[in-house]
2 protein chains.
Amino acid sequence: MTFDDEFRRQLAALIAWRRDVRRIRPDAVDPALVDGLLDLAVLAPSVGNSQPWRFVQVDDPGRRAAVIANFERCNQAALERYDAHRAQAYARLKLQGLKTAPVQLAVFCDETTEQGFGLGRQTMPESLSYSVVGAIQILWLAARAHGLGLGWVSILDPAQVAVDLDVPAAWRFIAYLCLGWPEEEHLDPELARHEWQDRTDVGRQVLHR
Amino acid sequence: MTFDDEFRRQLAALIAWRRDVRRIRPDAVDPALVDGLLDLAVLAPSVGNSQPWRFVQVDDPGRRAAVIANFERCNQAALERYDAHRAQAYARLKLQGLKTAPVQLAVFCDETTEQGFGLGRQTMPESLSYSVVGAIQILWLAARAHGLGLGWVSILDPAQVAVDLDVPAAWRFIAYLCLGWPEEEHLDPELARHEWQDRTDVGRQVLHR
């Protein structure tokens with residue numbers, strides 16, 4: 001299998017344009033499209049081929065309201081940690097699309113899966129949840145290639161999410177994803193555009209050893 | 001920005017063909033190509049735009065030998081956990097390309113970065129390391145689009161890696177990546193092909209809530 005320069009140019013453009021999208025239109029997304037994205041996500045690498053990702057699609061209005069309430073509590077607590085100047089900036093940020101996103105996926109990691117027979121995760125058990133994060137990243141790029149926007153909400157009490165969504169106790173909450181058609185498009189991250197945190201070159205410098 | 005069906009078809013093929021590559025030829029990889037891959041990796045999403053990824057390129061033979069010794073100790077300990085039948089299968093698996101991969105990158109997460117001002121990681125501090133995992137996944141796909149193979153080694157004592165590579169104490173070890181030109185190509189995972197763990201549909205079933 002080979003890929004040409006034109007494909008690589010477009011892949012780079014997709015990676016550059018990906019964005020965490022929080023301004024999402026309520027228009028429906030074709031369920032077959034979501035299915036196709038999940039088909040790709042589960043092709044992600046996983047430690048020991050353990051495939052520990054578990055997806056929960058959240059449609060029930062009561063459960064969605066519980067997630068919003070969870071976010072609002074955590075977001076208020078986060079706001080209170082900042083000094084007045086930063087708090088003002090924080091309060092202005094758009095951090096999630098929970099109220100409008102037509103598709104909402106909570107993603108968990110089954111910490112007790114026997115798939116993979118423990119291979120590769122004795123010294124670094126966290127590699128199991130890292131596998132789930134990889135699947136989310138693939139879902140993200142695949143969604144974006146269709147023009148869909150995805151936003152990852154992490155301002156949540158993970159134990160409360162597990163309770164509110166009634167999932168098995170052994171599932172670790174990894175991410176809550178808002179998915180849908182974006183209201184607007186940008187090449188720069190929302191947090192850079194709204195002067196919270198710019199891109200820097202700190203993480204781009206390579207140490208040599 | 002829009003992408004067409006042909007691009008999406010090729011992206012799906014890339015995702016399906018990605019593989020964790022452990023059989024890597026020693027031939028050099030153009031440093032400019034590695035640079036270009038890192039340029040893409042740092043476009044990954046990160047919590048609060050914290051960009052916590054830190055890359056260490058490992059070339060020194062003594063340090064590479066220390067990583068191999070680390071792997072061998074951990075791998076032996078892992079082998080001893082299995083019963084005779086599984087241990088035999090485990091011993092036959094090819095789990096890493098440490099001895100031949102021309103490019104070796106240790107990837108860390110700076111747990112003390114002030115970038116992002118803590119946004120999005122008060123309730124889930126692990127979202128910082130998840131951001132690094134996302135960058136690795138992008139690097140992986142981008143490498144594969146050039147025909148390069150990447151293998152993620154997790155059978156390592158993370159504290160020892162940090163010591164052997166002499167990195168700041170606040171850096172959390174996430175992954176050791178072997179990168180280079182593959183010896184062979186496969187559409188199925190190495191662990192499926194060698195009958196360790198097949199793909200299943202457990203993680204593909206979506207719970208509805």
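In chain A, helix α2(A) passes helix α5(A) in a right-handed crossing. The structure is a predicted model. Its scores are ipTM 0.98 and pTM 0.98. Chain A averages a pLDDT of 97, and 100% of the residues score at least 70.

Two packed helices are described by the angle between their axes and the distance between the axes. For α2 (residues 31-41) and α5 (residues 127-145) of chain A, the angle is about 140° and the axes are 8 Å apart. That angle makes α2(A) oblique to α5(A). From α2(A), the contact uses Leu37(A), Leu40(A) and Ala41(A). From α5(A), the partners are Ala135(A), Ile138(A), Leu139(A), Ala142(A) and Ala143(A). The residues of this contact divide into 8 nonpolar, no polar and no charged.

The sheet comes next. Strands of a sheet pair through backbone hydrogen bonds, either parallel or antiparallel. Here 5 strands form an open sheet with mixed pairing. The edges are held by β3 (149-153) of chain A and β5 of chain B. Each of these edge strands has a single partner strand, so one side of each is left without a neighbour in the sheet. From one strand to the next, the twist averages 30°.

Within it, Gly151(A) has Cys178(A) of β4(A) as its bridge partner. Two helices of chain A are placed against these strands. Helix α5(A) lies across β1 (53-57), β2 (103-110), β3 and β4 of chain A. It runs at about 5° to β4(A). Helix α6(A), residues 158-165, also packs on the sheet. It touches β1, β2 and β4 of chain A. The direction of α6(A) makes about 75° with that of β4(A).

Strand pairing also links the chains in the other direction. Strand β5 of chain A, residues 206-208, pairs with β1(B) in the parallel sense over 3 bridges. In this pairing, Leu207(A) has Val56(B) in β1(B) as its bridge partner.

The contact between the chains takes 82 residues from chain A and 82 residues from chain B. On the chain B side, several elements each supply at least two residues. The helices are α1 (5-17), α2 (31-41), α3 (61-79), α5 (127-145), α6 (158-165) and α7 (190-193). The strands are β1 (53-57) and β5 (206-208). Helix α1(B) gives the most to this side, with 10 residues. The residues of the side of chain B that touches chain A divide into 45 nonpolar, 21 polar and 16 charged.

A helix pair also spans the two chains. Helix α1 of chain A, residues 5-17, packs with α5(B) at an angle of about 170°. Their axes are 10 Å apart. The two helices are therefore roughly antiparallel to each other. In α1(A), the residues of this contact are Phe7(A), Arg8(A), Leu11(A) and Ile15(A). They meet Ile138(B), Ala142(B) and Ala145(B) in α5(B). The residues of this contact divide into 6 nonpolar, no polar and 1 charged.

Notes: Residues numbered from 1 in each chain as written. Chains lettered and ligands numbered in written order. Predicted model: local features only at pLDDT ≥ 70, side-chain atom pairs only at ≥ 80, totals over all residues. Axes fitted to C-alpha atoms, helices over the stretch in contact; angles between N-to-C directions. Helix = DSSP H or I, 4+ residues; strand = E, 2+ residues; numbered from the N terminus. Parallel < 35°, antiparallel > 145°, perpendicular 65-115°, else oblique. Left-handed = near helix turned anticlockwise from the far one by under 90°. Contact = placed C-beta atoms within 7 Å. Nonpolar A, V, L, I, M, F, W, Y, C, P; charged D, E, K, R; others polar. Pairing = 2+ DSSP bridges. pLDDT = per-residue confidence, 0-100.
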